Amino acid sequence: MSAVEDFSRKYNLSDEELFSRINNDELASERITAPRYSYWKSVFRVFFRKKINVVVLVILAVLITFAYLYPTVIGYDDQVNPYLYVNERGGQHLTPSAAIERYGFDIKWLFGAGGTGASTFDSVWNGSRISVSLAVICAAINMTIGILLGAIWGFSRKVDMIMNEVYNILGNIPGTLFTAVMVMVFSPSFWTLVFAMTIMGWLGMAYYIRTRVIIIRDHEYNLASRCLGTSIFKIAMKNILPFMTSVIVLEIAAAIPGYISSEVFLSYIGLGMSEVSLGRLIYEAQNAMVTPGWGWEFWTPVAVASVITVVLYVTGQNLGDASDPRTHM
């Protein structure tokens with residue numbers, strides 16, 4: 001007696017009850033039932049897995065709030081400040097405790113008063129807004145041009161021959177000297193500094209992307225795409241750049257704090273913009289650094305600039321690490 005007959009006798013089942021025909025659906029057998037994969041959802045899941053990243057983001061949110069919302073709420077104007085005790089006798093160069101004792105407790109006196117009696121707290125956050133805006137605009141322009149041109153530069157050998165000569169010429173011009181000339185030729189304004197820092201600022205990023213592209217441009221799938229007639233631009237955008245997302249994020253993470261530091265340095269040596277940025281505040285308060293009791297005017301913008309650059313850098317670095325596909329396993 002077979003096992004099937006034994007099973008049928010044991011449970012008193014007929015052959016029709018034991019066996020039933022199953023339709024063979026070839027389309028259903030080819031259907032992928034795995035859950036859809038979202039790259040950026042996976043990136044943020046890895047990013048928020050580290051509690052330190054949440055803390056850094058909270059600090060960044062507080063900094064951005066004070067830099068952009070606080071000056072707007074109080075209606076800050078570095079030329080006309082009717083709500084400040086500007087040039088009031090005895091109201092200059094005050095420490096936080098002295099300013100609060102003189103005018104009463106107010107958030108604007110947490111950093112004391114400067115050389116004109118103006119609130120250092122208000123000036124610092126307005127300066128932060130200008131410096132961060134400059135850095136973000138410069139980074140956006142240079143990264144966009146650098147990434148797109150660098151991808152084509154590295155994939156096309158004809159473009160590579162031309163751009164190498166351009167790089168050899170422009171890459172040897174001192175960036176700080178060029179920026180200084182632009183500031184002296186044109187008016188030392190916000191957009192003059194943006195122009196000076198972006199007219200050649202994309203070149204380094206483009207060359208870096210070009211080097212990375214050369215490493216992967218001859219992979220089999222790229223050769224197959226070229227044989228099928230796919231344009232170089234489309235191959236660069238679809239086949240190459242997506243594999244360098246983590247590298248690009250890391251470069252952006254270093255670029256934004258770098259532009260803030262450059263602006264602070266240029267303003268500190270007297271080549272910055274006319275707007276009251278963090279660098280301008282540091283430049284104007286440098287004499288107060290060595291005067292007893294006046295140090296708050298100098299070290300406050302220095303500390304705020306340092307915290308902003310460090311937080312931006314750490315956030316970008318951790319986001320860049322999270323965007324590496326190898327961390328999603």
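Residues are numbered from 1 along each chain as its sequence is written, and side-chain values use heavy atoms, with hydrogens and water left out. In this predicted model, local features require pLDDT of at least 70 and side-chain atom pairs count only at pLDDT 80 or more, whereas totals for chains, interfaces and linings use all residues.

The structure holds 2 salt bridges, a salt bridge being a side-chain nitrogen of Lys or Arg within 4 Å of a carboxyl oxygen of Asp or Glu. One of them pairs Asp160 with Arg210, with 2.9 Å between the closest N and O atoms. Asp160 belongs to helix H8 (residues 157–170) and Arg210 to helix H11 (residues 202–216), so the pair ties together parts that are 50 residues apart in sequence. Helices (H or I, at least four residues) are DSSP runs, numbered from the N terminus. Both Asp160 and Arg210 are buried, where buried denotes under 20% relative accessible area, exposed over 50%, and partly exposed in between (1.4 Å probe, protein chains only).

Arg280 forms a salt bridge with Glu284, in which the closest N and O atoms are 2.8 Å apart. These two residues lie in helix H15 (residues 278–284), 4 residues apart, about one turn of the helix. An α-helix has 3.6 residues a turn, so residues three or four places apart point the same way. Arg280 is partly exposed, at a relative accessible area of 24%, and Glu284 is likewise partly exposed, at 48%.

Helix H7 (residues 120–155) comprises 36 residues and spans 51 Å from its first C-alpha to its last, close to the expected 52 Å; the expected span is 1.5 Å times one less than the number of residues. Of the 36 residues of H7, 26 are buried. At the start of H7, a side-chain oxygen of Ser119 comes to within 3.4 Å of the backbone nitrogen of Phe121.

Glu263, located in helix H14 (residues 245–268), is buried yet has no salt bridge, and the nearest side chain of opposite charge, Arg280, is 8.7 Å away. For this assignment, Lys and Arg count as positive and Asp and Glu as negative, while His and the chain ends are not counted. The side chain of Glu263 makes polar contacts with the side chains of Ser131, at 3.0 Å, and Ser267, at 2.9 Å. A polar contact is a pair of N or O atoms within 3.5 Å; within protein, one must be able to donate a hydrogen and the other to accept it, and residues adjacent in sequence count only if both atoms are side-chain atoms.
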